[in-house]
Amino acid sequence: MRSLRFLPLVGAAALALAACTAGSTPAADSTASSDNATVPSREVVLNVYAAASLTETFEELESSFEAAYPDVDVRFNFAGSQDLVTQLGEGADVDVLATANESTMKKAADASQVDDQTLFASNSLTLITTPGNPAGITGLDSSLDGVKLVICAPEVPCGKLTKTLTEQLGVTLHPVSEEQAVTDVRGKVSSGQADAGIVYKSDALAEGDAVDTVEIQGADEAVNKYPIALVSTSTKKDYGQKWIDLVLSEEGQALLSEAGFTPAVK
């Protein structure tokens, strides 16, 4: 009988313990919620599709933009301009488009895929070689005979500009490969897979000591102008315009100049 009377006491103690445990859970959750509240939540994703040659500059601008707009997460797709326009036409989620020449942007404009364009920079070409220039390359001349030269494919803005420049100079090139993005050209030279490559001046500067630069006579006569535009179907045009404004700002133009571009805004 004594043991039977003890059972309700045990049950009551267990219930009391359970009640205490249940009551403590919200407090723990409250602490976790409070901790999480200190981490900024980025609720808006701004998709910026930009020419590969803009990689370093745009990534620097990202920090300034996200500091000014902590609820926005800027996400980039850097590639050959022609690939970006193709992806846009295939339904990619894009808010801002920046290409490395006007003719590529015109394709998007002709398809009513972008709003008004603004020119924000220009770029010209140069030769890069492996460090020390062991092949002794002096320019777009006979010094390129027998060397592994890589250039951009003709459908790529830097390739189209290369074609324009060589035609103006009356030079015929014999590259071992034609790449779909200027960053691929510079990568093959800096890694030693090629002896030389034709890239934008900004790309040569971005590679630093990984390459040597050889000036191309007359290169400034052939220039690519970079346009930027809001994508017509974007639902975040307010933030997209703020990104464009940053690119056009004094800060944006200064970074472009430091990177080897000729800024378009004075």
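Me: Why is Y69 called partly exposed?

Reply: The model is predicted; local features need pLDDT of at least 70, side-chain atom pairs count only at pLDDT 80 or more, and totals for chains, interfaces and linings use all residues. Residues are numbered from 1 along each chain as its sequence is written, and side-chain values use heavy atoms, with hydrogens and water left out. Buried means under 20% relative accessible area, exposed means over 50%, and partly exposed lies in between (1.4 Å probe, protein chains only). Y69 has 25%, so Y69 is partly exposed.

Me: What makes Y69 and Y239 an edge-to-face pair?

Reply: Rings of Phe, Tyr and Trp (its six-membered ring) pair if their centres lie within 6.5 Å; planes under 30 degrees apart are stacked, over 60 edge-to-face, the rest tilted. Here the centres are 5.9 Å apart and the planes stand at 75 degrees. Therefore the pair is edge-to-face. Y69 sits in the loop between α2 and β2 (72-79), and Y239 in helix α8 (residues 237-248), 170 residues apart. Helices (H or I, at least four residues) and strands (E, at least two) are DSSP runs, numbered from the N terminus.

Me: Is Y239 buried or exposed?

Reply: Y239 has a relative accessible area of 15%, so Y239 is buried.

Me: Why is the pair of F58 and F120 called tilted?

Reply: The ring centres are 6.2 Å apart and the planes meet at 35 degrees. That angle is neither stacked nor edge-to-face, so the pair is tilted. F58 lies in helix α2 (residues 55-68) and F120 in strand β4 (residues 114-123), so the pair ties together parts 62 residues apart in sequence. F58 is buried at 0%, and F120 is also buried at 0%. Ring pairs link both into a cluster, whose members include Y69, Y200 and Y239.

Me: What makes D95 buried?

Reply: D95 has a relative accessible area of 1%, so D95 is buried. D95 lies in the loop between α3 (81-89) and β3 (96-98). Its side chain makes polar contacts with the side chains of S234 at 2.7 Å and K236 at 3.3 Å.

Key
A polar contact is a pair of N or O atoms within 3.5 Å; within protein, one must be able to donate a hydrogen and the other to accept it, and residues adjacent in sequence count only if both atoms are side-chain atoms.
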